[in-house]
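Subject: Structure handover

Hello,

Here is the structure you asked about. My notes on it follow below.

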Amino acid sequence: MSVDTSQIAQLDVEPGELPETMAAWVIRAEREGEPTEAFQLEEMAVPQPGAFEVIVRVMAAGVNFNNVWAALGKPISVFRYHAEDHHIGGSDASGIVWAVGEGVTRWKPGDEVVVHCNQASYEDPEVHGLDPLAAPSQQIWGYETTWGSFAQFCKVQAQQLLPKPKALAWEEAASYGLTFFTAYRMLVDQARLQEGHRVLIWGGAGGLGVFATQLCRLAGADCLGVVSSPEKGELVKALGAVDYIDRSDYPGMMRRGDEDFDAEKARFKESRRFCKDVAERLGGEPDIVFEHVGRATFPTSVLVVKPFGTVVICGATSGHTLDFDVRYLWMRQKRIIGSHFANAWECHRANELIEAGKVRPVLWRTLGFEHVAEAHQLMYENKHLGKIAVLVGAETEGLGKTADGPGAIRAEVGA
């Protein structure tokens, strides 16, 4: 069905009233594959809010690697997570509350918000005292659920909403939630980042790395970013890293998973060379390694972190099956900590840092709504710096800013 994207920002209803249909980028099981093939524009029914739910008019959406996975159908098809026959992805959004369900008292139509992506059932006891991330119902909205932000309207739980920072335009406000809140939990609450720590950050110029770098700077910790080009290295230095390492200087370090004895011996030698470089640039072995790459880097992460140090991991973009020499874990008493997104309180605390201008979004490119598939293809091919945002209800860049402030850092210049 043809959808006119030129009219995406135009609505004929006011807050409090929902239209019958909306434009949305939809993935369906039969066309899983590369993002440019999997994502297709469709006209969809607008969802209705249930109890404690909110419908948000999406003004801008953020692009994350999770919906690259959704497009590919790998490592697990999103249709194993939810029962609907369609998937509307998107786990970051800024927008306007348009309709609220029964029981919602904190938010009203017209409120300007950003959305965090953790959902859980209010009936799970873990939500009320342990951590919503421990609840059996926990899901990442816009990945493990449908009704995400790549549409004119999205459906969320009321607890997912945060006040939109006033100094940010819509696209800036949509660009940071998933990655910043994930990095915040990883470093601040899980790895207990402290002043004076040394931190190695894989993917230093990526969506997670740009926020990990800023958190280290804010905490008084020294960090070193691993990147894929000098351009990306200059970005992480501008964000506060003491230096960077170009991973192309260590072509034999990455673990493939099929090495024979001789190949693994050569790979280990290359990792040892990398460890020496890290210690020289950081002034010592890292106290914390910030991991999200997985199979390719994890053996080196365990090797490079100092005795009694911590490897904190939240993902595995290069593969989920990890193979490493465990002697370097137990004999040197290192720790591995798993971390997954953030709870609502952590999101609230992290969002206050954005509001105060102490941490800033790093926005590489803002694209029109018609380019959602292209944006995910760019991410899939690792051709991006920082974050990509997509305009939905916002007609142009720069709208939505209602107070003075620094706004986002533009990745092209790192300033």
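A salt bridge here is a side-chain nitrogen of Lys or Arg within 4 Å of a carboxyl oxygen of Asp or Glu. Keep in mind that this is a predicted model.

**Salt bridges**

The structure holds 22 salt bridges. One of them joins the side chains of Arg 28 and Asp 85, at 3.6 Å from N to O. Arg 28 sits in the loop between strand 1 (21–26) and helix 1 (35–38), and Asp 85 in the loop between helix 2 (66–72) and strand 4 (92–100), so this pair ties together parts 57 residues apart in sequence. Arg 28 is buried, at 16% relative accessible area. Asp 85 is exposed, at 55%.

Arg 349 and Asp 189 form another salt bridge, with N to O at 2.8 Å. This pair also links distant parts of the chain: Arg 349 is in helix 10 (residues 344–355), Asp 189 is in helix 4, and 160 residues separate them. Arg 349 is partly exposed, with 26% relative accessibility. Asp 189 is buried, at 15%.

Glu 270 and Arg 273 make a local pair. Their side chains meet in a salt bridge at 2.9 Å, N to O. Both residues lie in helix 7 (residues 261–282), three residues apart, or about one turn of the helix. Glu 270 counts as buried, at 16% relative accessibility. Arg 273 counts as partly exposed, at 41%.

Salt bridges link Arg 255, Arg 256, Asp 258, Glu 259, Glu 264, Arg 267 and Asp 323.

**Nonpolar cores**

How many residues are in the largest nonpolar core? It has 92. The residues with the most contacts inside this core are Leu 161, Phe 180, Phe 181, Leu 187, Val 199 and Phe 369. Helix 4 (residues 177–190) gives the largest share, seven residues. A second, separate core has 23 residues, among them Cys 275, Leu 282, Ala 296 and Ile 313.

Phe 369 is worth a look on screen. Leaving out residues up to four places away in sequence, Phe 369 touches Thr 5, Ile 8, Ala 23, Ala 24, Trp 25, Leu 41, Phe 150, Ala 151, Val 390, Leu 391 and Val 392.

**A nonpolar patch on the surface**

Val 326, Trp 330 and Met 331 make a nonpolar surface patch of about 350 Å². Trp 330 belongs to helix 9 (residues 327–330). Trp 330 counts as exposed because its relative accessible area is 55%, and the cut-off for exposed is over 50%.

**Cysteines**

A disulfide is a covalent bond between the sulfur atoms of two cysteines. How many disulfides does a search of the whole structure find? The search finds zero. Cys 223 is in no disulfide, and its nearest cysteine sulfur, that of Cys 216, is 4.4 Å away. The cut-off for a disulfide is 2.5 Å between sulfur atoms. Cys 223 is buried, with a relative accessible area of 1%. Cys 314 is in no disulfide either; the nearest cysteine sulfur belongs to Cys 117, 11 Å away. Cys 314 is partly exposed, at 22%.

**Helix 5**

Helix 5 (residues 209–219) is mostly covered, with eight of its eleven residues buried. The buried residues include Phe 211, Leu 215 and Cys 216.

**Backbone points to check**

Most residues other than glycine have a negative phi, and most peptide bonds are trans. Some places here depart from that pattern.

- The peptide bond from Lys 74 to Pro 75 is cis, with omega near -5°. Pro 75 is in the loop between helix 2 and strand 4.
- Trp 147 has a positive phi, near 65°. Trp 147 lies in the loop between strand 7 (139–140) and strand 8 (153–157). At 15% relative accessibility, Trp 147 is buried.
- Phe 308 also has a positive phi, near 65°. Phe 308 lies in the loop between helix 8 (298–304) and strand 14 (310–313). At 56% relative accessibility, Phe 308 is exposed.

Best wishes

Technical notes:
Residues numbered from 1 in each chain as written. Predicted model: local features only at pLDDT ≥ 70, side-chain atom pairs only at ≥ 80, totals over all residues. Heavy atoms only, no water. Patch = residues over 30% accessible without salt bridge, like charges linked within 9 Å, V, L, I, M, F, W, Y side chains within 5 Å. Areas by Shrake-Rupley, 256 points an atom, 1.4 Å probe, with all protein chains shown as cover. Helix = DSSP H or I, 4+ residues; strand = E, 2+ residues; numbered from the N terminus. Buried < 20%, exposed > 50% of the residue type's maximum accessible area, 1.4 Å probe, protein only. Core = buried A, V, L, I, M, F, W, Y, C linked by side-chain atoms within 4.5 Å. Contact = heavy atoms within 4.5 Å.
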